[in-house]
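Please look over the structure shown here. The report below goes through it part by part.

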Amino acid sequence: MTPSEEGAADVGRHVAVIGAGPSGVYAAEDMATRLGWSVDVIDRLPTPYGLLRYGVAPDHMKMKSLARALERVFAHSNVRFFGNVEVGRDIRVEELRARYDAVIYAVGAPGHRRLGVPGEDLIGVQPATDLVAWYSGHPDAAAPPDLSAARSAVVIGAGNVALDVARLLAKSAHELLPTDVPGDVIEALERSALTDIHIVCRRGPADVKFTYKELAEMGELENADVVVHAGEYSLDSEGVMGAQATIIDLFRQWAERESGRRKSRTVHFHFGLRPERVNGTRGVEAITFGSAGGDQVIPVDLVVTAIGSFGRAMVDVDFDAGRGVIPHLDGRVQPPSPGLSGEYVVGWIKRGPSGVIGTNKADAINTVATVVADLEAAVDTVPHAVTRPFGEDEFGSAVLWDGWLGIDRAEIAGGAARGAARVKMATWDQLLASAGATRGDARS
Amino acid sequence: MPFVIGDGCVDVKDRSCIGFCPVDCIYEGGRKLYINPDECIDCGACESACPMNAIFYDATIHAGQEAHVEANRAFFAELGTPGGAKRVGPQTWDVIPDGHDTV
């Protein structure tokens, strides 16, 4: 019996969680600390924390500090991290089903919704997820088009991701120095010639999904003024209920204080504009929007679509391609695989891309309750399969928790030179070298 | 600029918000709950979880509830930043602003 099997026998259940983002870690926390189960958290990246690391905007440092709470989960002796292990490449789901009491998919929504208009594949049109991945230092991210000749950017969307992208493009490089944004990204943003950043919303100011706090930040930028183009919409919040009224009030204050541009950049808010086509020959040159007042054309060098994330199918797991989620009932994947360990979902692959980070905590606990009920029911009917969790040396290329701590230390050291708490390492080679691992796709 | 719990929680303590707080920074007093302003990461999950609509972002707190901003902070005068409500459990005291005692 290897040490890991011995440990598993001591604590009973052993569950695999696929994805080390907040929803997966919350599920692991509930199972390890409340139930005393053993949990292996597996991620295709060598780094934990998922969208907290690669989705939460780098200048939202307070939110990023949540990593300290998630880190405590991995400090628990029942929880192990297997980074750089990709399900479908390094291990098949079939094997996970056979080896664990339960498998929980926490794989998020890495894809994006498309605009569905002509020209959206022109060079210079990018989903927000690509731009976010780039400034977040994701090792799979590609650099966006050169910004040194770009004057105008359009961000299509009315949610907080649109605000994040527009804000990062509007900020001065100086404002980003204390963040974890990689040095080459800061250099590229420093060369940016952008003067106008347009946030374009399909509906009116009362319909936006921005939250007040994130929207208010736009009025505090060192380098950019805000201009509101209300079109046919009223900016009177009379009769509007709740949080939406404070948002309309904010737009009205900005609209009223417009008195000439003082800063080098301008962030524009447009309402009631429907994207109809992206114009250009090779690269994007302009976008045509339909509106109540007829077509409007905005000349543009960069278009970012922030109209929603979308789940991606996993090999050998059922998938609802219309909704971008794995079908489930109370968190149990539907239909269940007969005779095999149960499969479950948490987070965005379960609910779709909605909610804030904390939403995933309650959601993960609900799924764990289903796992508990199923395992208790199964005890009476079928003999409990012997679980065979991974040995720590089973994958030659795996990055274990100590490996991640190596990356963590190197990033913190890398931040010291510019007064940042950390600077991200943005390539696989750097990450794996700091973890003392190598890139490989073969089991040892 | 953290979130703040106001009048609606007094003598209710539904506690739904606690299940949503990603950093476990919602602490229990004798008669209401309190958000630790130094531990809150501004995510807003609690705001929509509260069935009493008692939770506000402090910059947009409703008229008449403003005194809770200071009261929420004052609740932690002795506790400081324990790093999680589970670690300290419920407290016996409260800081409820004058005139906000609904009973």
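What follows covers the contact between the chains, then selected sites within them.

## Model and interface

This is a predicted model. Chain A brings 16 residues to the contact, and chain B brings 20 residues. Between them the two chains bury about 1500 Å². Carbon and sulfur atoms account for 62% of that area. Three lysines stand out on the chain A side: Lys62(A), Lys213(A) and Lys361(A) supply 36% of the area that chain A buries against chain B, more than any other three residues.

One salt bridge is found across the interface of chain A and chain B. Its partners are Lys62(A) and Asp42(B). Their closest N and O atoms are 3.6 Å apart. That distance qualifies because the cut-off for a salt bridge is 4 Å.

Four helices of chain A each supply at least two residues of the side that touches chain B: α4 (61–64), α5 (67–75), α11 (212–217) and α14 (359–381). The largest share, three residues, comes from α14(A). By class, this side of chain A has eight nonpolar, four polar and four charged residues.

## A buried strand in chain A

Strand β9(A) spans residues 224–229. Five of its six residues are buried, so the strand is largely enclosed by the rest of the structure. β9(A) pairs in the parallel sense with β10(A), residues 265–270, over six bridges. Within this pairing, Val226(A) stands opposite Val267(A) in β10(A).

## A buried arginine

Is Arg167(A) buried or exposed? Arg167(A) counts as buried because its relative accessibility is 0%, and the cut-off for buried is under 20%. Arg167(A) is found in helix α8(A), residues 160–170. Leaving out residues up to four places away in sequence, Arg167(A) touches Ala57(A), Asp59(A), His60(A), Glu217(A), Met218(A) and Leu221(A).

## Backbone features in loops

The peptide bond from Gln334(A) to Pro335(A) is cis, with omega near -10°. Pro335(A) lies in the loop between β17 (332–333) and β18 (342–345) of chain A.

Asn84(A) is not a glycine, yet has a positive phi of about 60°. Its loop runs between β3 (79–82) and α6 (93–99) of chain A. Asn84(A) is buried, at a relative accessible area of 1%. In chain B, Lys13(B) also has a positive phi, of about 45°, although it is not a glycine. Lys13(B) sits in the loop between β1 (3–5) and α1 (16–20) of chain B. At 12% relative accessibility, Lys13(B) counts as buried.

Definitions and conventions:
Residues numbered from 1 in each chain as written. Chains lettered and ligands numbered in written order. Predicted model: local features only at pLDDT ≥ 70, side-chain atom pairs only at ≥ 80, totals over all residues. Heavy atoms only, no water. Contact = heavy atoms within 4.5 Å. Buried area = accessible area lost by both parts, 1.4 Å probe. Salt bridge = Lys/Arg side-chain N within 4 Å of Asp/Glu carboxyl O. Nonpolar A, V, L, I, M, F, W, Y, C, P; charged D, E, K, R; others polar. Buried < 20%, exposed > 50% of the residue type's maximum accessible area, 1.4 Å probe, protein only. Pairing = 2+ DSSP bridges.
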